Amino acid sequence: MTDPGALMEADAHRCQGVLVVDDDDAIRMAVSQALREEGYEVATASNGRQALDWLHQCHRPPCVILLDLMMPVMDGLAFREEQLRDPVLAGVPVVVLTADGRAAQRPAIRDVTRRLAKPIRLGALLDVIASYCGPGPRTLTEQSASRC
Amino acid sequence: MSATPELTLSMAHRLLARSNDGILAFDRDCHYIFWNDAMERISGMRARDVVGQKAFDLFPFLVETGEDRLFHRAVAGEEVTSHNQTFSVPGTKRRGIFDGSYGPLFDDAGTIIGGIGIIRDVTEHRRAAELLTETEQRFRTMADVAPVLLWMADPDGLCTFFNQTWLSFTGRTLEEEWGVGWAEGVHFEDFQRCMDTFNQAFSQRRVFEMEYRLRRADGEFRWILDRGSPRYMPDGSFAGYIGSCADITERKALEDKLRDAVQARDEFLSIASHELKTPLTSLQLQIDSLERQLQIRPEEALRGGRLASGAKAVSDQADRLARLIEVLLDVSRINAGRLTFECSDVDLVPLVKDTAERWRPDAAQAGSELIVKVEAASGAEQLVVHWDRLRLEQVLSNLLSNAIKYGMGKPIAVTVLGRDGGARLQVSDQGMGIAPTDQVRIFERFERAAASRNYGGLGLGLWITKQLVEGMGGSISLDSTPEKGSTFTVELGR
């Protein structure tokens, strides 16, 4: 466990889960359905508070969090600040889903490397997820099956 | 030491010739006996044509102006003067104004043999002075009738002039405003900034512009835009400042209103764009997903209801988009005053029951029970009002949607009461309630009492509701206690 490169590689194989945080039922449904159809494990939360509760309970953090910014109870910005304060969760990559360009300029959000502007296209979503979690397990299986 | 040279007669002649003032002499009968070069210039007549002639024959104006009497008094031994006499020389058409000074002419024995006159042509001087007076008068007149407040300061920065418009505005006298007296009327919050701007510009001889509040005669402070500019004498020396001020209170108020309106519009566009993008996102993802599934797993996609569930999701989001657009159109119609109502007799009881039924699933999802109560007067079966049915449904839907959103899962009651000359519709929740300070605000555009933006929606529901109710001649009121819940009451005339 002294080689950080090895750790990242090991995690990339082991961790396939995606956490989707958005207050809109239809968006949560559409995103999780699309990702499940590619074989990813998906968990959902309708606000920052729910997401933090879920993250604190799960023993294996997701490989990426898709985060909406404007949500009731706890918004994306507050979630991000809480996440960065927690050493266990701070390293989990976050992709911000936003319809509001201005909100994405706030410091805790600015540092997020990836951002998807609503309305999101499926191709862009799958590319981003694949860059963190590897290709969809189901697509992989189908590809290797077709090669046999 | 050399002896003082004696003045000869010819030297005296040359001396007289050099004088800028006209010098003349006449005998006791007022015949000219001397006429120097300056007199030739002033009158346009040569000495040879004048000497020997009787003054009053040659120049009738002397009699007309009474100047002839001074000739006689000089001959009588008096020293006399005249001022601003007009002259007109018949042969040369020369006209002008002169000052005259007359006295007796003595011979060596001390006997008066006639008189002498010193004539100064003051025509140009007088014209310049008159022009200056006229210019000054014209300036004062213009200044006093100008609709702006005008002031002038001397090179030391002391104000020495205020026009009538200024004095009427402040209700003070020139003496009170003089110097730095005017600054007493400047609002104390603006005073220092005002003085700093004035003094700094003054020391650099720069044009300045400043806004401050100035007390009007009625005691009200008005916003003034003051523009000052340095002024210079013809020789280029600094003469002080001249400034004009306009009352910009109304303009400032309009600017503030406009800024608020622009801000509200931008906020609205931002919220509208966000709200439209939300259903558009799931719509787009659903379509992309279906396309992908049909492409890479066509058999599976066509089986098992995948296509049907996808189509349902797409259709739901399209409905949601249509509803949002309808709200935006309502806003646009209300703003343009183009909201129209198609009124007919509407029985409230089935309308309320049907509308409530449509919201029951949403209420149930939020954990709220929906209770409909009808209290018709004198046991009447119907509660008929003459209103626009669709708009009435919209009003009730907005109130129900609001109650479900903020009702915290507690029961929601819809009550219809028959009343004399109309009906009353009430929607009550037991949710988070609205603080008294927010109770008026929530009926305004883009307002919601809950922390901004944390709840979805355009923040237009209650505003539209109020516009609709009032547009149909009704009224809407709110009774709310924080943490206890809210009751919206709509009074409907028949």
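Predicted model: local features only at pLDDT ≥ 70, side-chain atom pairs only at ≥ 80, totals over all residues.
## Overall make-up

Chain B contains 16 helices and 17 strands. Of its 494 residues, 43% are buried. Among contacts with a separation of 6 or more, 54% join residues 24 or more positions apart.

In soluble globular proteins, nonpolar side chains tend to be buried together. In this model the largest nonpolar core has 45 residues, and the members that touch the most others are B:Leu348, B:Leu392, B:Leu399, B:Val427, B:Phe488 and B:Val490. Helix α15 of chain B, residues 389-406, gives the most to this core, with seven residues. A second, separate core holds 26 residues, including B:Phe26, B:Phe56, B:Phe87 and B:Ile119.

Leaving out residues up to four places away in sequence, B:Leu392 touches B:Val346, B:Leu348, B:Leu351, B:Val385, B:Trp387, B:Met472 and B:Leu492.

β16(B) pairs with strand β17 of chain B, residues 485-493, in the antiparallel sense over seven bridges. Within this pairing, B:Asp479 stands opposite B:Thr487 of β17(B). The two strands form a hairpin with three residues between them, and B:Glu483 in the turn has a positive phi of about 75 degrees.

## Aromatic pairs and charges over rings

Over all chains, the count of aromatic pairs comes to 23. One of them joins B:Tyr32 and B:Phe59 in an edge-to-face arrangement, with 6.1 Å centre to centre and 65 degrees between the planes. This pair links distant parts of the chain, 27 residues apart: B:Tyr32 belongs to strand β2 (residues 32-35) of chain B, and B:Phe59 to the loop between α4 (55-58) and α5 (61-64) of chain B. B:Tyr32 counts as buried because its relative accessibility is 3%. B:Phe59 is buried as well, with a relative accessible area of 3%.

One aromatic cluster is formed by B:Trp151, B:Phe162, B:Trp166, B:Trp182, B:Phe198, B:Phe202, B:Phe208, B:Tyr232, B:Phe238 and B:Tyr241. B:Arg205 lies over the face of B:Phe238, one of the cluster members, at 3.5 Å from the ring centre. In another case, B:Lys252 lies over the face of B:Trp223, at 4.6 Å from the ring centre.

## A buried glutamate

B:Glu177 lies in helix α9 of chain B, residues 174-177. Its relative accessible area is 1%, so B:Glu177 is buried.

Not counting residues up to four places away in sequence, B:Glu177 touches B:Phe162, B:Trp166, B:Leu167, B:Thr170, B:Arg172 and B:Trp182. B:Phe162, B:Trp166 and B:Trp182 also belong to the aromatic cluster described above. B:Leu167 and B:Glu177 are ten residues apart along the chain, and their C-alpha atoms are separated by 8.2 Å.

How values were computed: Residues numbered from 1 in each chain as written. Chains lettered and ligands numbered in written order. Heavy atoms only, no water. Pairing = 2+ DSSP bridges. Helix = DSSP H or I, 4+ residues; strand = E, 2+ residues; numbered from the N terminus. Core = buried A, V, L, I, M, F, W, Y, C linked by side-chain atoms within 4.5 Å. Buried < 20%, exposed > 50% of the residue type's maximum accessible area, 1.4 Å probe, protein only. Contact = heavy atoms within 4.5 Å. Phe/Tyr/Trp six-rings, centres within 6.5 Å; stacked < 30°, edge-to-face > 60°. Lys NZ or Arg CZ within 6 Å of the ring centre and 35° of its normal.
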